[in-house]
Amino acid sequence: MDYYVYHDFMMHTKSITYILMGLFVVGFWGIWAFITSRDEELHKFPEHDKE
Amino acid sequence: MTTENKSLMTPVNIITGIILAIGLVITVLRFTKGLGTVTNLDQNNPWGVWIGFDLLCGVALAAGGYTTSSACYLFGMKKYHSAVRPAILTAFLGYALVVFALHFDVGRPYRLVYPIFLQPGTTSLLYEVGLCVFLYVTVLAIEFSPAALEWLGMKKLRNTVHKLTLALTIFGVVLSTLHQSSLGALYIAVPSKLHPLWYSPYLAVLFFVSSIPAGLSMVIFEGTLAHKPWHHMMDKTHLDEHEGVILGFARGASIALAAYFCVKLVAVAYDNNWHYLATGWGAWWLVEVLGFVALPSLLYAIGSREKNIKLIKWTAALTVVGIILNRFNVSMVAFNWQLPADQRYFPSLMEIMLSIFVVTVGVTVYRFIVSRMPIFFEHPEYKDAH
């Protein structure tokens, strides 16, 4: 891709970075949900702890 | 006499003795014949494996000190208290060895006071790193001293120093934030020498963020290595809390590695360097980022979710290797990437042996301390003093 002025370059890279940041937010939510999912299961079924 | 001599002549001690003897010979050569005799350093490559491994890896892997003490004392996670002393000891030895190893690279140890007290270059990043390391080694020495004072039976002084814990922890976090990032910032000065995939205006952020999982992984890794030989030195509290420390730190390391992975991608996007990913250098970058950042993050997440201690311990080793790989890539592999192969740097055998010597000195001092001082157990006289 050709950039005629610095503004074009910044628009391109910043746009991609903003899209990435959106994906990261969703990704972090996914990781957190994955890591803590078993904690919630234990919370939902306290008798599971007693076993 | 014979019993004591026999107990000292173990295979580990013999290997240690051989490495220390070789290291001492190289030390004499370095300080009598100069850098050229023992290293492959030249005008193109003034920083080699002594900076790349002993300093950059040493500082990153010693980050367990500030991460563990801030988790325990600043965030109030007292369940990690038993991990604080081993982490502080590792950090203290790590930083002390960084200063020790730096003497070999810089030379003239008697001039060590110059950059701090006599000729401070206050506009230099190197000065900032030097000042931070000088102050942080002092902080770590004071943070570690209660263990030594308990061992020596100096109760009054120990209680005085113990009161400084919170202030020292805060000071330690501030100093670590400064110099962990500054070590990365040093390479911002060489955009034409460092490959674009590793060069970034965010290098300072990358070095600091990566030091967090490095420190957490090192605490898990070192705890795993220490568990077998010093199991008899560990008290019930330490053994009971061990699993909780591993699971909690694995969770933290997973999130921190995920954050590091994101900053790595942003660094590539910011300079629009995506096209380099299709080259050989890109393949190597992907090995580092997918194999030693994204994969450990995922494995830590699975390990902490499934409470799989064995998986977490292997992942800690993978992360430590990944951090070493990253520091090697920045300081040596991707550095001067445009030079022809015959002008590229590869460490000499004596450089590598000296780095092994430095690590061996650290392990020997570590063994001496944990075999005597209350590191893995609470001193009977101070059980309720935390």
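In this predicted model, helix α4 of chain B (residues 49-61) packs against helix α6 of chain B (residues 81-106). Their axes come within 9 Å and cross at roughly 165°. Angles over 145 degrees count as roughly antiparallel, so α4(B) is roughly antiparallel to α6(B). The crossing of the two helices is left-handed.

Which residues make this contact? From α4(B) come W50(B), I51(B), D54(B), L55(B), G58(B), V59(B) and L61(B). From α6(B) come G94(B), L97(B), V98(B), A101(B), L102(B), F104(B) and D105(B). By class, the contact has ten nonpolar, two polar and two charged residues.

Now follow α6(B) to another partner. Helix α15 of chain B (residues 349-370) packs with α6(B) at an angle of about 145°. Here the axes are 10 Å apart. This crossing is right-handed, whereas that of α4(B) and α6(B) is left-handed. On the α6(B) side, the contact uses L89(B), L93(B), L97(B), F100(B), A101(B) and F104(B). They meet L354(B), V358(B), V361(B), G362(B), V365(B), Y366(B) and I369(B) of α15(B). Twelve of these residues are nonpolar and one is polar. No charged residue takes part.

L97(B), A101(B) and F104(B) of α6(B) are among the residues that touch α4(B). L97(B), A101(B) and F104(B) are also among those that meet α15(B).

Next comes the core. The largest nonpolar core holds 98 residues. Which residues have the most contacts inside this core? They are L61(B) and I220(B). L61(B) is one of the α4(B) residues in the contact with α6(B). For I220(B), set aside the neighbours within four places in sequence. I220(B) is then in contact with I246(B), F249(B), A250(B), I312(B), K313(B) and A316(B). Helix α12 of chain B (residues 236-270) gives the core its largest share, 14 residues.

Chain A is the last stop. It has 51 residues, and buried residues make up 0% of them. Its secondary structure comprises two helices and zero strands. How many residues of chain A are in contact with chain B? There are 13, and they touch 13 residues of chain B. The chain A side of this contact divides into eight nonpolar, four polar and one charged residue.

Terms used
Residues are numbered from 1 along each chain as its sequence is written. Chains are lettered from A and ligands numbered from 1 in the order in which they are written. This is a predicted model: local features need pLDDT of at least 70, side-chain atom pairs count only at pLDDT 80 or more; totals for chains, interfaces and linings use all residues. Axes are lines fitted to C-alpha atoms, for helices over the stretch in contact, and angles run from 0 to 180 degrees between N-to-C directions. Helices (H or I, at least four residues) and strands (E, at least two) are DSSP runs, numbered from the N terminus. Angles under 35 degrees count as roughly parallel, over 145 as roughly antiparallel, 65 to 115 as roughly perpendicular and the rest as oblique. A crossing is left-handed if the near helix is turned anticlockwise from the far one by less than a right angle, and right-handed if clockwise. Two residues are in contact if their C-beta atoms, placed from the backbone, lie within 7 Å. Ala, Val, Leu, Ile, Met, Phe, Trp, Tyr, Cys and Pro count as nonpolar, Asp, Glu, Lys and Arg as charged, and the others, Gly among them, as polar. A residue is buried if 20 or more other C-beta atoms lie within 10 Å of its own, exposed if 12 or fewer, and partly exposed in between; C-beta atoms are placed from the backbone. A nonpolar core is a set of buried Ala, Val, Leu, Ile, Met, Phe, Trp, Tyr and Cys residues joined through C-beta atoms within 7 Å.
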